[in-house]
Amino acid sequence: LIECVKSVPGPKGVVIEECPMADWAMRVIQPYANEVIVCEPRHNRLISEGDDKHDDIDPGNLIKLYRLGELKAVHHPERQSMMDLRGWVWAYHDQVELVTAAKNKIKAALRSVGIQYGRAHVYSVQDRSEWLGKLPRKSVRERVEVFYGNLDDLRRRRDVLHDRLARIAQRHPVARRFLAIPGYG
């Protein structure tokens, strides 16, 4: 990337589509370009829709949008530590989704054998043996025990991620300002 950008004479504007590697590419290229824009393809109609969506065509469309000043940039903070914080937030949200999926598997397993749970606490450790006792076959019981074990592991990891995220966020002035808002923090 660096050699490619350096090989172009004169002022350079570089446009990158948002992707998992966009922040890294932006930081690598910044010292060698006058301007680096990371854009969101879903907000740039020429590259997000239609039959012409293709990686061979996208660069030409990006150039058109760049020259027209129509690119919608994705914010990438100057400080790498803010991107690290963002990564921890994403990891935490992913873990929360995994916990939810594990809970859904437990409820689905109960429903699959006709067990109604209503608003009962089917996830609590204290009531677990009661719910397992309602299962009609050993095979189903063992499967649900695995699901409960997954839930316990995922919850533990979620809590570790939450604690880590809270510690990291406290070091950032933006996060401290949000936490100081009454009723928000």
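Q: Is glutamate 3 buried or exposed?
A: Exposed: glutamate 3 has 57% relative accessibility, and exposed means over 50%, buried under 20%, partly exposed in between (1.4 Å probe, protein chains only). Keep in mind this is a predicted model, where local features need pLDDT of at least 70, side-chain atom pairs count only at pLDDT 80 or more, and totals for chains, interfaces and linings use all residues. Numbering starts from 1 along each chain as its sequence is written, and side-chain values use heavy atoms, with hydrogens and water left out.

Q: What does glutamate 3 form a salt bridge with?
A: Lysine 6, with the closest N and O atoms 3.8 Å apart; the criterion is a side-chain nitrogen of Lys or Arg within 4 Å of a carboxyl oxygen of Asp or Glu. Lysine 6 is partly exposed at 45%.

Q: How far apart are glutamate 3 and lysine 6 in helix H1?
A: Three residues, so about one helical turn separates them in H1 (residues 2–6). Helices here are DSSP runs (H or I, at least four residues), numbered from the N terminus.

Q: How many salt bridges does the structure hold?
A: Seven. Among them is arginine 27 with aspartate 23, at 2.7 Å, N to O. Aspartate 23 is buried, at 9% relative accessibility.

Q: Switching topic: which way do H5 and H7 run relative to each other?
A: Roughly antiparallel, a label for angles over 145 degrees. The axes of H5 (residues 80–112) and H7 (residues 138–170) come within 9 Å and cross at roughly 160°; axes are lines fitted to C-alpha atoms over the stretch in contact, with angles from 0 to 180 degrees between N-to-C directions.

Terms used
Helix = DSSP H or I, 4+ residues; strand = E, 2+ residues; numbered from the N terminus. Parallel < 35°, antiparallel > 145°, perpendicular 65-115°, else oblique.
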